[in-house]
Amino acid sequence: MQELLQQIVSGIATGGIFASLALALVLIYNAMGLVNFAQGEMAMLATFVALALIDHGMNYWIAFPVTLVIAFAGGIAIERVVIRPVERAPILTLVIITLGLATLINGLAGFIFGYVPRAFPSPFSVQTVNILGALASYQDLGVIAVSGVVLLAIYMLLQHTTVGLTMRAAAHHPEASRLLGVHVSWMLALGWGLASAVGSVSGIMVAPILLLQPNMMQTIIIYAFAAAVLGGIESPLGAVVGGVIVGVTVNLAGVYLPFVGGDLQLAVALAIIVGVLVLKPNGLFGRPSVRRV
Amino acid sequence: MALLELEEVRAGYGPTSVLHGVSLSVPEGQIVSLLGANGAGKTTTLRSITGGVHWTGDIRFAGRSLRRMHTEDVVRCGIAHVPEGRGILTELTVDENLKLGSHLRRDGAAVRKDYDRVFEYFPVLRERRGLSASTLSGGEQQMLALARAFLMKPRLMLLDEPSLGLAPLIVRAIFEIIRTINTEDRVAVLLVEQNARLALEMSSDAYVLEVGRVAVSGTSSELKGNDAVRRSYLGY
């Protein structure tokens, strides 16, 4: 029982990491109906930026928000330079462009920083603390706290500020929003910036565990897809709940199902994706979409 | 000088041209009707004004040309456009829809007063504030669209068939409030309507479009009194 609780806490921490990246995917999906395959690579690059800042002597807790701001600006820049010119292109074109972007960023990171895995500092100790009989590591609790704060901040921004309201309006009804004076195109850019910033949180949180190298996010993005699909790809809340469920499931499966172990955890995520698409294509929180043809 | 002036406006969708040189004007604080059969170009005329369709010629609002301006910037000049289908954001709540109307305003005290007036005009919107706009009936959605346009504090409202699909009693109520907004706040209105009789009662001037051109224009009472015009263009 005690071990189960510990594994669940650990799974929630992993889930927080998945949730951040899943939320980034959902933000862009909502804004333009596009799955951004470059999201993981953007997060990886931001993590390299964070490491560079820390290596230059910046305090972790200063480097963290600074990285988010840089990632935010980078996301906006990518939208303006790469996506804007093809905004009205068919969705398949856009998907291919994000795939190209992923390859480009991956290669760029390899070229600049090399492929040797690097240790990334964690501000949380690996020591454990006893909570209600279960041992939890400060590392896990710290990741849960940071992810929780970031996700809550995004929620507050989207649901309780004017700019969040106009972002949601622009995402759902671009034409009607323009007639209300909303600069829809800038809202798209803002969505990319936010997604980039949130996604980079997952990179920074996972780097101490996986070691930082250009391919670090390539499995994490699969888990994030699983989380987003499970939650309903249009639902920010779904991304968070989906992330936690995927994190806990994968963790428990790895520990308690002998044939899964550490090697087949990714297969569990893929099984979740396939299972959700077959059984409940709109996910837990998604609305069924009706399209007139 | 007129608040809104269209001069030889031509517009269309891709290779199909819909307007073949439309000229009209809306004086400050007046209601002007834009009538005509389906496909005559009424909606396209409104869409040209707010930049929803490519046009040539000239459109001036308060003396300023709207050429090459994006929709959102035209709107920010003080034009509220309630489009065909009402433009309700059904994923959002009633309250959020209203907030989108007033989100650009910085005159907080006046905004609060305007909300009070909106809820006085349409008490049902106050009751439904927290609900999703998709739960509203057609008439309630039209009220929401009009309320939201009012909260934009425009100098000109473009209304695209506010009576469409609504019961006569509700149409009466809505037109009453359009008239109130017009007289109390001196908001000019360019009103597109199928229901010519109703529109002519409300407006001071009227234009009748026929296949993308102005076929007849004049004061509303002139058009109402002209039997030939009534029979051939207005169908009543």
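Student: In which sense do strand β7 and β8 of chain B pair, and over how many bridges?
Tutor: Keep in mind that this is a predicted model. One pair of residues that stands opposite across these strands is Leu158(B) and Leu190(B), the latter in β8(B). Strand β7 covers residues 156–160 of chain B, and its pairing with β8(B) is parallel, over five bridges.

Student: Which residue of chain B is the bridge partner of Val32(B) in β8(B)?
Tutor: Start with the strands: β3 (residues 31–36) of chain B pairs with β8(B) in the parallel sense, over four bridges. Further along, Leu34(B) has Val192(B) of β8(B) opposite it. For Val32(B), the bridge partner in β8(B) is Leu190(B).

Student: Which strands stand at the edges of the six-stranded sheet in chain B?
Tutor: Read off the order of this open sheet, β6-β7-β8-β3-β9-β10, with mixed pairing. From one strand to the next, the twist averages 15 degrees. Two strands have a single partner each, so one side of each lacks a neighbour in the sheet: β6 (79–82) and β10 (213–219) of chain B.

Student: How about the four-stranded sheet in chain B: which are its edge strands?
Tutor: This open sheet is antiparallel, in the order β2-β1-β4-β5. Inside it, β1 (residues 2–13) and β4 (residues 55–61) of chain B pair over six bridges, with Leu4(B) bridged to Phe61(B) of β4(B). The strands that pair on one side only are β2 (16–27) and β5 (64–65) of chain B.

Student: Which class does Glu8(B) fall in, buried or exposed?
Tutor: Glu8(B) sits in strand β1 of chain B. Its backbone stands out a bit, with a positive phi of about 50 degrees although it is not a glycine. Within 10 Å it has 12 other C-beta atoms, and a residue with 12 or fewer counts as exposed.

Student: Which residues does Ser23(B) touch, leaving out residues up to four places away in sequence?
Tutor: Ser23(B) belongs to strand β2 of chain B. It counts as partly exposed because 15 C-beta neighbours lie inside 10 Å. Its contacts are Leu6(B), Glu7(B), Glu8(B) and Val214(B).

Student: What is the phi of Ala62(B)?
Tutor: Ala62(B) is found in the loop between β4 and β5 of chain B. With 15 C-beta neighbours inside 10 Å, Ala62(B) counts as partly exposed. It is not a glycine, yet its phi is positive, at about 50 degrees.

Student: Over in chain A, how is the crossing of α10(A) and α11(A) classed, oblique or roughly parallel?
Tutor: The axes of α10 (residues 236–256) and α11 (residues 265–279) of chain A come within 9 Å and cross at roughly 135 degrees. That angle makes α10(A), relative to α11(A), oblique.

Student: How many nonpolar, polar and charged residues are in that contact of α10(A) with α11(A)?
Tutor: From α10(A) come Val246(A), Thr249(A), Val250(A), Ala253(A) and Gly254(A), which meet Gln265(A), Val268(A), Ala269(A) and Ile272(A) of α11(A). By class, that makes six nonpolar, three polar and no charged residues.

Student: Which element gives the largest share of the side of chain A that touches chain B?
Tutor: Across the interface, 14 residues of chain A are in contact with 17 residues of chain B. On the chain A side, the elements giving two or more residues are α6 (162–172) and α7 (174–178). The largest share, six residues, comes from α6(A).

Methods. Residues numbered from 1 in each chain as written. Chains lettered and ligands numbered in written order. Predicted model: local features only at pLDDT ≥ 70, side-chain atom pairs only at ≥ 80, totals over all residues. Axes fitted to C-alpha atoms, helices over the stretch in contact; angles between N-to-C directions. Parallel < 35°, antiparallel > 145°, perpendicular 65-115°, else oblique. Contact = placed C-beta atoms within 7 Å. Nonpolar A, V, L, I, M, F, W, Y, C, P; charged D, E, K, R; others polar. Pairing = 2+ DSSP bridges. Buried ≥ 20, exposed ≤ 12 C-beta atoms within 10 Å, placed from the backbone.
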